[in-house]
Amino acid sequence: MPTSAARPAASTTAYPEVAAHPVPDRHGASLFTADPDLRALLPLYLPADLFNHLLPHLERMGALAGGVLDELANEADHAPPTLSHRTRTGLDAQRIHKHPSYVELERVAFSEFGLAAASHRGGVLGWDKPMPPAAKYALTYLFVQAEFGLCCPLSMTDSLTRTLRKFGDPALVDRFLPNLTTQVFDDLYQGAMFMTEQGAGSDVAATTTRAIRDGNAEGGWRLVGDKWFCSNPDAALAMVLARVEEADGSAVAGIKGVSLFLLPRTLADGSANHFRIIRLKDKLGTRSMASGEIRLEGAHAYLVGELGRGFVQMADMINNSRLSNGVRAAGLMRRALTEGQFIARERRAFGKRLADMPLMRRQLLKLTLPTEQARTMVFQTAEALRRADAGDADAYPLMRILTPLIKFRACRDARKVTGDAMEIRGGCGYIEEWSDPRLVRDAHLGSIWEGTSNIVALDVLRAIRREGSLPVLQAHLQALLGDTPMHATARATFDLALANTVALATHAAEAGADGDVLARQAASALYHVTSAVAMAWEAGQIGSVRRMRLAQLVLVHRVLPQDPLGGGVEPEWLAETVEPSADGVVRAAGPVDQINVF
């Protein structure tokens with residue numbers, strides 16, 4: 001197949017003296033080799049044989065993302081998809097026209113790397129078993145640093161396949177699974193979910209789309225209604241929420257009346273199903289990928305799972321998509337940080353490298369902390385998902401709280417990190433020829449898709465109240481701390497921060513509606529403490545003094561109280577903290593302005 005390998009690999013030949021040029025440009029350089037921490041951390045979350053097998057694929061993805069894929073993404077971003085309703089001879093035959101660069105991105109993601117299939121079958125990238133979530137997300141983490149928009153169809157295809165396999169009738173699974181997981185591009189069925197309505201965004205109980213029994217319809221049901229925000233609207237299959245209408249025309253009210261349906265774009269006889277794309281959305285970001293409005297006009301559909309359990313079943317798909325949202329936010333932050341680090345090393349002003357200026361180092365550190373937090377949370381959540389799918393009883397409530405935590409905080413952090421990284425590049429960062437504007441625009445999506453920040457913060461409390469997630473999370477973090485060598489003063493600080501955070505979250509959950517006002521505060525505190533503890537554990541496992549210091553700084557800058565007029569003096573326990581390095585030698589951490597931000 002024609003792939004990105006056939007395109008020019010890098011543009012460094014166009015700038016042979018890039019280091020000497022006053023406007024540095026790292027385009028064409030690998031995003032994997034630019035991120036040595038990723039390579040160091042992956043063996044903690046992947047079996048050794050799988051890590052070694054994936055390493056050349058990670059290297060290839062990093063090289064493509066830093067060059068060819070970045071070019072394709074920029075082209076597709078500036079040439080959004082268009083919708084035609086009729087053929088030139090007047091036939092009603094809707095079609096979404098995608099830029100060739102976007103189609104090439106689809107081929108790389110779906111076919112060459114099998115990102116949507118890797119968790120569902122063996123054979124992807126030569127691995128004989130389905131891959132654990134951490135493997136898929138490591139590759140996606142690199143891919144999204146070049147292209148964000150396509151990651152929505154990737155995630156929805158992956159999540160739809162998961163939900164169909166979990167709840168669908170076996171005959172339905174047998175019929176559609178091969179096309180959902182194929183790497184043969186022309187045979188591929190992409191997935192979507194049509195859930196949002198004008199009057200029912202996050203309030204699923206307000207869904208008005210109707211599902212009517214019809215024994216003569218393929219699938220046995222017909223759907224009628226409008227869906228307001230449907231990404232990947234020409235997908236071959238979509239999961240749809242609809243309210244079941246009884247024979248007398250009445251409908252069950254509230255959330256219990258909502259069921260989940262599988263909607264094919266094309267019926268078994270090859271004819272188009274009975275729904276129309278009314279128009280495409282003109283979006284702030286994710287411009288490469290189509291989003292539209294759908295009108296269901298008696299569309300044939302299949303019931304998935306039990307009647308009246310639609311929200312519970314769709315929630316499984318949404319949770320998977322929320323984790324994917326966190327992966328995408330982490331990737332955006334990493335790309336923004338990588339660009340900022342490169343500029344700081346290569347750009348000179350006032351006779352110095354930017355990297356040698358204290359304020360620039362401080363700014364890079366402020367970008368580094370949320371970026372590293374998000375990546376650690378991705379792999380912690382992916383590991384909890386793997387364990388939950390394997391039947392570990394404690395892993396489900398752990399995954400159930402980690403997923404909304406990363407969706408809530410990482411997606412919000414990405415908006416600030418990408419914006420502040422744009423400032424490092426200066427005026428060029430505001431120009432559409434560079435990656436910065438695309439990163440900033442795309443970063444705002446994560447706080448909206450699959451639940452806005454308020455909705456997701458409340459879901460954290462719901463996980464505590466209904467799933468008993470908080471004691472499981474606390475035990476998990478205490479176990480990580482118990483496995484981490486740490487100075488006694490630092491350990492006491494971590495223990496106290498964890499205890500106080502658990503107390504806050506417990507109060508918010510037990511106070512009922514009165515505690516909901518604390519949902520965002522509690523979610524942020526849980527995210528920051530969880531990521532700090534996990535980063536400290538990672539530091540101990542790989543023997544990294546630098547990473548231990550970053551973990552401690554997460555507490556200092558994002559959890560512990562600070563005096564805004566205190567002049568930025570670091571607490572004594574941080575300055576005195578020591579940690580064992582990989583060779584067993586104990587060294588002092590050093591002041592903040594000397595920490596390696598590269």
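Accessible areas here come from the Shrake-Rupley method with a 1.4 Å probe, and on that basis the protein chain exposes about 23800 Å², of which carbon and sulfur atoms supply 54%. The model is a predicted one, and every value that follows is computed from it.

Turning to the overall form, the chain holds 17 helices and 13 strands, and its C-alpha trace spans about 75 × 60 × 45 Å along the principal axes. Because a compact globule of 598 residues would have a radius of gyration near 25 Å, the 24 Å found for the protein chain agrees with that expectation. Of the 598 residues, 56% count as buried, and among contacts between residues at least 6 apart in sequence, 73% join residues at least 24 apart. As for charge, the protein chain carries 64 positive and 67 negative side chains, and the centres of these two sets lie 2 Å apart.

A search of the whole structure finds six aromatic pairs. One of them joins Tyr45 and Trp537 in an edge-to-face arrangement, with 6.2 Å from centre to centre and 65° between the planes. This pair links distant parts of the chain, since Tyr45 sits in helix 1 (residues 36–45) and Trp537 in helix 15, 492 residues apart. Both Tyr45 and Trp537 are buried, and together with Phe379 these two residues form one aromatic cluster.

Another pair is made by Phe176 and Tyr189, whose ring centres are 6.4 Å apart and whose planes meet at 45°, so the pair is tilted. Phe176 belongs to helix 7 (residues 170–180), whereas Tyr189 lies in the loop between helix 7 and strand 3 (191–194), so the pair ties together parts that are 13 residues apart in sequence. The two partners can also be set side by side by their accessibility: Phe176 is buried, with a relative accessible area of 4%, while Tyr189, with a relative accessible area of 29%, is partly exposed.

Since buried means under 20% relative accessible area, Ser524 counts as buried because its relative accessibility is 13%. Once its neighbours within four places in sequence are left aside, Ser524 is in contact with Phe408 and Arg409.

Key. Residues are numbered from 1 along each chain as its sequence is written. This is a predicted model: local features need pLDDT of at least 70, side-chain atom pairs count only at pLDDT 80 or more; totals for chains, interfaces and linings use all residues. Side-chain values use heavy atoms; hydrogens and water are left out. Helices (H or I, at least four residues) and strands (E, at least two) are DSSP runs, numbered from the N terminus. The radius of gyration is taken over C-alpha atoms; the globule rule is 2.2 Å times the number of residues to the power 0.38. Buried means under 20% relative accessible area, exposed over 50%, partly exposed in between (1.4 Å probe, protein chains only). Contact means heavy atoms within 4.5 Å. Lys and Arg count as positive and Asp and Glu as negative; His and the chain ends are not counted. The place of a charge is taken as NZ of Lys, CZ of Arg, CG of Asp or CD of Glu. Rings of Phe, Tyr and Trp (its six-membered ring) pair if their centres lie within 6.5 Å; planes under 30 degrees apart count as stacked, over 60 as edge-to-face and the rest as tilted.
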